[in-house]
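This report covers the strand arrangement and helix packing of one model.

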Amino acid sequence: MVLVRLLVILLLIRETLAIVLKNGGYEDVYVIILDSNSESDFLLKRIQNVMTSASKLLFTATHNRLYFRKIKIIVPTSWPSKPEYKQLPINSIKESYFSVDVHGYKAPHTKGLFMCGKGGHYMHLSPTFLDEGRSDWGLHDRVIVHEWGHLRWGLYNELPVGAEKFYQADGKWNPVRCTDSIDGDVGLYEGGKCKRSNECNINDASKKMNKKCSFCPYRSQDVDASLMGNQWIHKLSDFCDEDVSTVKKEHRHNRFAPTEQNKQCNYRSAWEVMREHKDFQTVTKLPTSTNTVPEFEIIRETTSYRVFVFDISGSMEGSRMTTLQQTADYVIQELISNGTWLGIVSFSTNAAVEKDIIEINTQTDRDDLKNAVPTEADGWTCIGCGLMEATKVLKRKLGNAINGEIILISDGENTPGNVDIDTARQEVIDANIIVHTIALSQEADKRLGDIARETGGRYYTYLDKGNITLVGTFSQILSGGRTSIANRIVMLLSEKKDSLQSNVSSIDFTIEDGLGKDTAFTFMTPVDRNIQLQLNGPNSYTQFLETYGNNATLYVPDIAQAGEYTMTVTTDEIPGTAEYHVKSVMTSDDVVRVTSMLSTNNIDFSSGELPVIFTDVTKSYLSVLNATVSASVETNETSCDVRLKDDGIDPDAVINDGTYSGYIFPDCLSYGRVSIKVNVKGNKRETMILKSVTGAANPFEVDEKPVIYERSFQRVEVLEELYVTNYKDTGTSDVIAPGRISDVSLYHIRKESTSQGEVRNFTITWTATGDDKNVGQARL
């Protein structure tokens with residue numbers, strides 16, 4: 001979530017930030033309509049009606065504390081412009097938004113819920129769910145508030161985990177439910193109903209419950225908790241709280257049931273987790289008469305307006321300047337879409353406009369911009385000068401620069417100049433401009449990350465050593481608009497080699513169905529040389545390019561065939577260092593999508609907390625299983641590979657849900673900035689697509705078996721920087737505790753009568769933990 005500082009209260013009213021909370025009312029709540037939806041006044045009206053009723057229920061469920069005050073509905077550029085639509089570029093919403101998409105699974109669900117109390121990435125809603133009448137998942141307001149619990153507060157479902165639908169307590173089998181007050185039938189589940197059977201005898205605790213047996217809650221009953229459980233029950237209007245006498249019986253959390261909420265939140269109730277969230281730290285009860293009807297604003301997304309701001313101070317001279325030039329050329333040629341606007345500003349002791357902002361439509365436009373990239377480095381580092389000059393460029397072009405973007409790259413600390421960095425910082429905040437920053441060294445000004453966070457931007461680190469490229473980092477910022485994925489560029493590969501041992505390199509990559517447009521392979525090296533590129537692909541495809549220079553790009557004409565490719569790169573001399581990139585443009589929205597993030601971007605090493613990397617792999621919003629996911633973690637001193645797993649073992653929350661997780665251990669860290677890159681690969685017929693999602697439950701849905709994915713795929717993502725403070729080298733000391741056991745189960749239960757009374761024998765099973773979390777072997 002975006003950091004809000006007291007010294008910049010103006011952030012509370014920025015267009016660029018995600019959700020903010022002001023006097024109990026959520027503002028800047030974004031509902032993004034993707035262009036898979038045709039223009040529809042009905043859809044707009046339904047969104048407003050559903051969110052209005054959800055706001056009222058949210059107010060009730062939080063005991064008159066919270067509601068939706070201001071909601072921004074973003075309509076796609078493909079919809080016609082109307083006088084009532086505000087026109088703005090929309091690029092910086094990183095999390096906690098609603099996405100309305102025709103494609104994908106119909107069940108409302110939240111993506112990116114990785115840790116208890118941390119919240120999620122976004123909520124997927126289908127037009128099917130938003131139709132009039134009662135939805136298949138329950139009343140609309142109940143479903144939205146249920147998913148809001150995931151999205152905002154990091155709550156988990158209070159439903160059975162996997163096959164564990166019953167648990168033993170008080171000498172019988174009890175159905176897994178959020179409170180014991182939920183009534184229903186127990187039987188064999190068929191057609192959305194429980195058919196009574198002797199196989200489902202809850203009173204026979206001497207044997208394991210039949211896996212085909214289920215608990216079917218009554219849809220109509222007077223119980224009003226918990227919304228994180230069976231949200232389709234009509235009268236649910238509250239969340240479970242502690243199991244204490246001061247709490248109403250039907251609101252008491254069932255901490256014994258094997259639910260996701262218990263497993264992930266250490267047996268705490270929804271309200272116990274909610275009270276620790278920052279939303280509840282300062283809010284107080286509002287009057288019952290509070291008007292909870294949201295204010296709606298409809299915004300039509302427009303094209304992007306950007307200014308690159310390049311540091312050309314003396315410390316950039318040499319390899320950094322070469323890397324910056326090569327990267328800028330590549331980005332302008334390959335990653336900037338037609339119809340967008342771009343200008344270039346440089347700064348050292350002062351700032352200069354290298355190229356005023358222009359619309360990119362032709363190759364001549366791109367050449368003009370590439371020729372404007374500075375080539376010489378000298379002087380001091382006046383970051384404030386660059387920010388201020390870029391702000392002027394945007395204002396001259398737009399008048400109102402709201403949601404214009406600045407992408408600032410610097411390798412040093414700000415030195416006194418004509419403009420103070422904090423003065424310029426306030427200027428971009430006042431102008432509602434988004435600033436993305438890339439630090440090119442550990443010595444780069446620590447305020448770069450602050451400026452990005454305060455303006456709703458992204459912040460990255462590129463280090464001279466390691467396999468993470470500046471191109472790969474840049475590509476994360478240039479993600480395109482929010483309402484359309486048409487012509488969206490996908491980075492399949494981006495790799496840097498600090499020490500090549502041969503003048504011949506062989507590089508494999510995969511193109512899947514749904515990609516293939518404008519596919520390009522680029523090889524870069526610091527000095528000019530003869531470069532030969534030989535591409536071999538499916539169905540005996542071959543292509544050859546020979547050129548002289550410090551880079552070479554081979555373009556695959558038309559739409560590249562899906563399949564496996566090998567690029568052989570030959571240079572006249574061993575290049576020493578080199579990097580290569582493969583990008584392709586989407587031809588369909590039905591492709592694998594990868595979203596990666598960290599549990600935190602700032603770690604106090606002395607706290608003992610370990611950062612966690614999470615990667616969500618989906619196709620049409622459905623989870624992709626059995627992918628190979630790894631992360632490169634790099635500092636100036638260390639380089640580590642971290643394997644991310646989807647096995648349900650700490651830190652992974654749920655087995656086989658398409659979210660891959662892994663700890664970053666102390667030996668991979670050092671003081672200051674840490675760069676992280678995630679590589680995802682799926683092999684043909686090894687990965688599978690899960691045909692259901694963990695979302696709002698539907699009692700009539702039947703879980704389908706995963707289907708085998710017939711194509712290979714790969715992706716690369718660079719994460720926003722991790723910053724470590726109070727780092728201490730632990731050497732060989734064992735400072736990491738073993739992981740938490742969270743999957744204890746009882747098997748082979750046998751009941752015997754003895755002279756001392758009834759005796760039960762059973763087998764307890766659990767997944768063994770490791771010496772360091774889930775790694776290694778723990779010892780007593």
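## Sheets and helix packing

Six strands make up an open sheet with mixed pairing, in the order β18-β17-β16-β19-β20-β21. Helices (H or I, at least four residues) and strands (E, at least two) are DSSP runs numbered from the N terminus, and two strands pair if DSSP finds at least two bridges between them. The model is predicted: local features need pLDDT of at least 70 and side-chain atom pairs pLDDT 80 or more, while totals for chains, interfaces and linings use all residues. Residues are numbered from 1 along each chain as its sequence is written, and side-chain values use heavy atoms, with hydrogens and water left out.

At the edges of this sheet are β18 (351-359) and β21 (459-461), each of which pairs on one side only. From one strand to the next the twist averages 15°; angles run from 0 to 180 degrees between N-to-C directions, and axes are lines fitted to C-alpha atoms, for helices over the stretch in contact. Helix α11 (residues 447-455) packs on the sheet and touches β19 (405-410), β20 (434-439) and β21, where contact means heavy atoms within 4.5 Å. The direction of α11 makes about 155° with that of β20.

A further open sheet has seven strands in the order β6-β15-β5-β3-β7-β9-β8, again with mixed pairing. Its edge strands, β6 (86-88) and β8 (109-111), each have a single partner strand, so one side of each is left without a neighbour in the sheet. Here the twist averages 30° from one strand to the next. Helix α3 (residues 140-153) packs on this sheet, touching β7, β8 and β9, and its direction makes about 150° with that of β9.

| Strand | Partner strand | Bridges | Opposite residues |
|---|---|---|---|
| β16 (residues 305-311) | β17 (residues 341-347) | seven | D311 and F347 |
| β7 (residues 97-100) | β9 (residues 122-125) | four | S99 and H124 |

Two packed helices are described by the angle between their axes and the distance between the axes. For helix α7 (residues 319-335) and helix α8 (residues 363-371), the axes come within 10 Å and cross at roughly 165°. The two helices are therefore roughly antiparallel to each other, the term for angles over 145 degrees. Their crossing is right-handed, meaning that the near helix is turned clockwise from the far one by less than a right angle. D329, I332 and Q333 of α7 make the contact with Q363, R366, L369 and K370 of α8.

Methods:
Parallel < 35°, antiparallel > 145°, perpendicular 65-115°, else oblique.
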